[in-house]
Each structure stands twice: as structure tokens, then as C-alpha cells.
Amino acid sequence: MIKSSLARVFFALLKRDLLLAFRHRSELFNPLLFFVLVVTLFPLGTGADTKLLQAIAPGIIWVAALLAAMLSLDTIFRSDFEDGSLELLLLNPHPTSILVLAKVLAHWLITGLPLMIIAPLLALFLGMDQELIGLLVVTLFLGTPVLSLIGAVAIALTVGLKRGGILLSLLVLPFYVPVLIFATNAIEMAMSGLPVTAQLWILGSFLLLAITLTPWPTAAALKLSLS
Amino acid sequence: MMKFIHKTASPPYFYQLSGRWIPWLAGITVLLLLAGLYGGLIVAPTDYQQGESYRIIFIHVPAAWMSLFVYIAMAVAGAIGLIWRIKLAESVAVCSAPIGAGFTLLALITGSMWGKPMWGAWWVWDARLTSELLLLFLYFGVMSLYAAIADKRVASRAVALLALVGVVNIPVIHYSVEWWNTLHQGPTIAKFDKPSIDLRMLIPLLIMATAFKFYYVWALLLRVRVELLERERNTQWVKLLLKQLKG
Amino acid sequence: MSEFFHMGGYALYVWLSYAVAAVILIANIVIPKLQHKRMLKTLTKKMLRAEQLK
């Protein structure tokens, strides 16, 4: 038996997931399209008053990003669960929690990163100040991985269910609240010219906490769902 | 010690024992509730700022305390169930959720009843009301997860995991909501924190809080007994019990 | 006495709160009691049916 190191398994898994995503382009583009659509609907619903849009732009972009991230969660484990490769993952001698981290990282690269790239364009649509766009991207960079990491726990709990959709949103959304609050708050504070380092540090600490704490419950939940 | 715990926690023994406890718990709860209501509605003086409307706190505050207490109890029971595989603890965790949701709902409704005359609106995005609302969603998540998974042993372990993740997050959610609230300059009326509360108000409040604790144990045992019967339906002790009831 | 029920003009809010509390608290006692009864009934029925089949 060839023994492969943890790092090699980690990167092999990452590469496999990325490759699979690039072969199924829809997985890549659907959350992005959803994100753009939701943001486009808002001016149509509230009226194109520039001041109003400017004021609520961070909220709109973040809520839309949050929903897009939530809708794409299913792809982390669903197809692996259906074709049985998830069981092989759990049989792997390396700690499941770290392998889970590889899958979540892949998921973020597929869904979170594109959101981050397209967000500046949408921010311009909504008339946000150009100086604030950089900050928006930073909050997305710190915040969206947290969404994927927390979402992984919930999707691991519901992956065995046929209809997990609404249940998943019920499980996940309350946990997304702190990220939403601090991310939008940072941008709003910056709008009125106040310092935002505190909010960014808090978002960063959420990210570190999520990276260190969520893989365990995710791994445990996967074991439960496959039992 | 562990032997004692395992004996008490074994479903047949616990089923019998809890049956004997329930009348006592019911009695204590009702007595305490009556005492608390008498103290709160009749003895306690009128508040000089809020008038009589403050009397809602005698149910609102204990309900809000219990909404958190039950969630923590649920997470602790879930952890015990996960670590030591004690069936009873799993049932306790699962059965706590609807009771906790009830307390949370009660805290929300009474909070809004109190808010209408004080703030002039049924709902205000006040920090405490908002975190209570999120707590209600957490309870609903636990309950629907349990309902969605067909195998109840797996379901109760999934619930225990979710409750544990939730209990770590509750302080984070609470403090971020508080931060959000103070920065958006919502209603600045501090809710119930007066520098010194009249003893004639404090005592009924504490009696009501104790009554709610006993009530929780009472309602919990009632639910746990049903849960135990359902899970152990094919075991010998349930069959013996049914035969006893029949004959 | 009527003053007590009037609650200084806040009667609606105070009594509605207490009524909601009563409904929720009683429901959480009555529902499991009914479930318990139903559970015992169905389990007994099942047992009797199983005995007849033997």
C-alpha cells in the first residue's frame, strides 16, 4: 500500500473538486448569476433613487452574497454523497476534519471567489463610492469563507435527506447574522468616514475561529449522515 | 457514581421514577406560579415610570431567562448523549427544544406587548428582541432537523451536534446584535435595568423564575416519557408495562 | 376590583400577555399528555395484534 502524506491527499482532493467544478460550468456560474440577478432586482423594487440605493448598497450586496453562498452550499457534499465517494473520504486514514477543509476551500474558490470578483461591478451599479469598493471586497474576502465553513456543518447534517433545501436555510441563516452585521457595518462606518479596523479584526477573528472550529462538527456530522 | 447514573438513566427505571416525580413537580409548579402571580399582580406596587404595564415583566423576564437556559440545557444534554451514549440524555436534548421554543415565543410576544405602550410600536428592532427572534429560529432549526431525519437515533445525535454548534454561537450572535443595535441608534430606553428594584417586585420575579424552572422539568419529563416509549417500543419492559396497564 | 382588571389603562397589554403565557404553558403540558395516552393505546393495539398472529 502506498502511503500518501496528508498534504498530498489534501491537495489531490482540492484539485479533484476544482476540476469537477470546471467540467460542470453551471455549478460555477449559477450562484454568480443568482447574485447579479438579486442585486439587479433591488433598484427595480425600491426605485432608482441614487441616495437611497447608495445608503442600502452594502446591505443589498451582502444579503445577496449570503443567499448565493447558501444556495451553492449543496454542491459541497451532495454529488460526493450520491456517487459514494464521500464514504471513501471517511475511510481515508487521514483526519476527516482536514479533508473536509480541503473540500470547503475548493467550494469557496468555486463560489466565494467569483462573488468577490464580480461584487465591485455591482457596487458601481448601485452607485457606491469608489473608495469603498476596496473595503467591500475585503469584507467579502474575510466573510464569505466563514459562510462556506459554517454552511459545511449544516450541509453535512442534511446531506442524507432528500429535501434539505428549506431546512438548510433555517439551519444556516441565524449563524450568518454576525458576519452580515460586521461586514455591512464596516462599510457603513466607512461611508461616514469613521475607522473600520475594529470590524475588520472581528471579521478576521470569525474567519480564524471558523477555520479552526467548524471542521470537527462537519466531520462528525458527515459520519452521522453516512451511518 | 457512574453505576448510579447508568441505573437511573436506564429507560425502564427512569420511566417509572419520572412517573412518581410528575405529580410533585406539577404541585410545586402550580403553588409557585400562584404565589408569584399573587406577589406580582397584587402585592407589587405600581411602577412610577411605566405604570401598571410593567407587570408584564413577571412573565417576560423569566421566559427570556428560560429561553436561554433551556438551550444551554439542551446542548449539555446533547453533549452527554454524544460522549457517553446515554439514551436518556439524547431524549432530554430532543424534548427540550419545543419547550424552549415555547419560552422564546412567550418572551417575544410579551416583549412586544410591553413595547407597544412603551415604544408605540408592536415591533422594534431592539437588541434583545432581535436576539430572542434569532434564538427562536435556532430552536425551529433544531426541531425541524429532528423531524426531518427518519432514524430517530441518528436524528437525536444530529440535533445534539447542532445544539452544540448553536451554544457556541449564541454569545457571538447576541453580542453582534447588540453592537449592531447600538450603532444604528435604535430605541435607547434601557429595558428593565433600573438601578435598584423594589423588593416587592424582585421577590415575585424570582418566584416566577423558580416556578418556570420547575415547569420546565415537569413539561420535559412528560415529553421524555413519550419519547422513551416510542423508542423502546419493541423492548421487554414496554411490553411488560402494557400488560400491567391492560390487566 | 375593577381597578385591578383595568391595570391603569394597560389592561389589554397586561392581560393579553398573561393569557398568551397561560396558553403556551398549558399547551406544553397538555400536548405531551395526549401523546402519551395515544402512544400507550397504539402500542397496546399493536401488541394484541402481534399476540393474535402467534
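A salt bridge is a side-chain nitrogen of Lys or Arg within 4 Å of a carboxyl oxygen of Asp or Glu. Here, the side chains of Glu51(C) and Lys243(B) meet in one, at 3.9 Å from N to O.

Welcome to this predicted model, where local features need pLDDT of at least 70, side-chain atom pairs count only at pLDDT 80 or more, and totals for chains, interfaces and linings use all residues. Residues are numbered from 1 along each chain as its sequence is written, chains are lettered from A in the order in which they are written, and side-chain values use heavy atoms, leaving out hydrogens and water.

Let us begin with the two interfaces. The size of an interface is often given as the accessible area lost when the parts come together. Buried area is what two parts lose on being put together, summed over both (accessible area, 1.4 Å probe), and contact means heavy atoms within 4.5 Å.

| Interface | Residues in contact | Buried area | Share on carbon and sulfur |
|---|---|---|---|
| Chain A and chain B | 24 from chain A, 25 from chain B | about 2,100 Å² | 86% |
| Chain C and chain B | 30 from chain C, 43 from chain B | about 3,200 Å² | 79% |

On the chain C side, helix 2 (residues 11-53) of chain C gives the largest share, 26 residues. Helices are DSSP runs (H or I, at least four residues), numbered from the N terminus. The chain C side divides into 21 nonpolar, six polar and three charged residues. For these classes, Ala, Val, Leu, Ile, Met, Phe, Trp, Tyr, Cys and Pro count as nonpolar, Asp, Glu, Lys and Arg as charged, and the others, Gly among them, as polar.

What about chain A and chain B? The chain A elements that give two or more residues to it are helix 7 (130-158), helix 8 (165-191), helix 9 (197-213) and helix 10 (215-226). Helix 8 of chain A provides the largest share, eleven residues. By class, this side of chain A has 19 nonpolar, four polar and one charged residues.

Chain B also carries a nonpolar patch on its surface, whose members include Met1(B), Phe4(B) and Trp84(B). Such patches join nonpolar side chains (Val, Leu, Ile, Met, Phe, Trp, Tyr) within 5 Å, from residues with over 30% relative accessible area and no salt bridge. Together, the residues of this patch have about 930 Å² of accessible area, computed by the Shrake-Rupley method with only the protein chains shown as cover. Helix 3 of chain B gives the largest share of the patch, five residues, while Phe4(B) sits in helix 1 of chain B.

Terms used. Patch = residues over 30% accessible without salt bridge, like charges linked within 9 Å, V, L, I, M, F, W, Y side chains within 5 Å. Areas by Shrake-Rupley, 256 points an atom, 1.4 Å probe, with all protein chains shown as cover.
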